[in-house]
Amino acid sequence: LELLDRTAVPVLGLEHLWLGQRGFAFALMGRFDDTERAIARSRALPASDLVAPAVSWIPTAMMLIASGRGELASLNVEMRGILEHATSLRHRPMQRSAATMLGLCLVLQGQVTEAIELLIIGTDEHNCPDHQGTIYAAFGALAWAYALAGDTASAQSTLAEADHEGRTAARLCYPLVTLGNAATAHAQGLHRQSQDVLRAGLTHCHEFGSHYFELFLALEACHIGGAGLA
């Protein structure tokens, strides 16, 4: 954010990307009002200025805001609308991002089976470069959902795929893979390992200023019986 504050607002379509970096950073810090202003500003820009991957951050940011505020029901409706719209436009980055965020929303609401179907869409890399790290997030969330469903074999293979050589260097959603690892270990009865994974993830989030995910992992620690860690 300090770097972006010293950077002039880009032109020729790059303002969407500039706003995306700011908006997503605000969301990770828990500054949801600032994120909403960035989203509104991005949506107000002329469509002719749009770079295809540039708005893929919006569903992700909306997911962070809604889950942080406990507004999952309204997010569910809005994400379905974004997914349908992106599908009709064949806008693959936004389609993948919306499917991932809707899947996460459904996991948090206990609808794990439908969530898995959507998160599989989120991991689809076919002819669709990963500019925001959403594929990495989808793999982590999918492993988490599989673990909650008791399918530890699928959870493990999903985590292995997440760390496959050549995966995007973007690690903005690293904590979701941490979540998948912790949930999988817990489902296998490896409770100490599960807590160790979460402890490392909490340290990472704290050091990098990702306070939203720091809280998210602390809540997961409660879920796996690590209240002291939380």
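F216 is buried, at 14% relative accessible area. Buried means under 20% relative accessible area, exposed over 50%, and partly exposed in between, with a 1.4 Å probe and protein chains only. F213 is buried too, at 4%. Both residues sit in helix α12, three residues apart, about one turn of the helix. Helices are DSSP runs of H or I with at least four residues, numbered from the N terminus.

The model is predicted: local features need pLDDT of at least 70, side-chain atom pairs count only at pLDDT 80 or more, and totals for chains, interfaces and linings use all residues. Residues are numbered from 1 along each chain as its sequence is written, and side-chain values use heavy atoms, with hydrogens and water left out.

Now the rings. A pair of aromatic rings is described by the distance of the centres and the angle of the planes. Rings of Phe, Tyr and Trp (its six-membered ring) pair if their centres lie within 6.5 Å; planes under 30 degrees apart count as stacked, over 60 as edge-to-face, and the rest as tilted. The whole structure holds four aromatic pairs. In one of them, the ring centres of Y212 and F213 are 5.0 Å apart and the planes stand at 75°, so this pair is edge-to-face. F213 and F216 also pair edge-to-face, with 6.4 Å between centres and 80° between planes. W144, Y212, F213 and F216 make up one aromatic cluster.

What size is the largest nonpolar core? This core has 56 residues, and L75 and F213 have the most contacts inside it. A nonpolar core is a set of buried Ala, Val, Leu, Ile, Met, Phe, Trp, Tyr and Cys residues joined through side-chain atoms within 4.5 Å. Helix α6 gives the largest share of this core, nine residues. A cavity is a set of points on a 1 Å grid over the protein atoms alone where a 1.4 Å probe fits but cannot get out; lining residues have an atom within 4 Å of a point. Points are joined across faces, edges and corners, and a volume is the space filled by probe spheres set on them. Two cavities reach 30 Å³ or more. Helices α4 (57-69), α6 (92-108) and α12 (211-223) each supply at least two lining residues.

Conventions:
1 Å grid on protein atoms, 1.4 Å probe; cavity = no way out; pocket = protein on both sides within 12 Å on 5 of 7 lines; lining within 4 Å.
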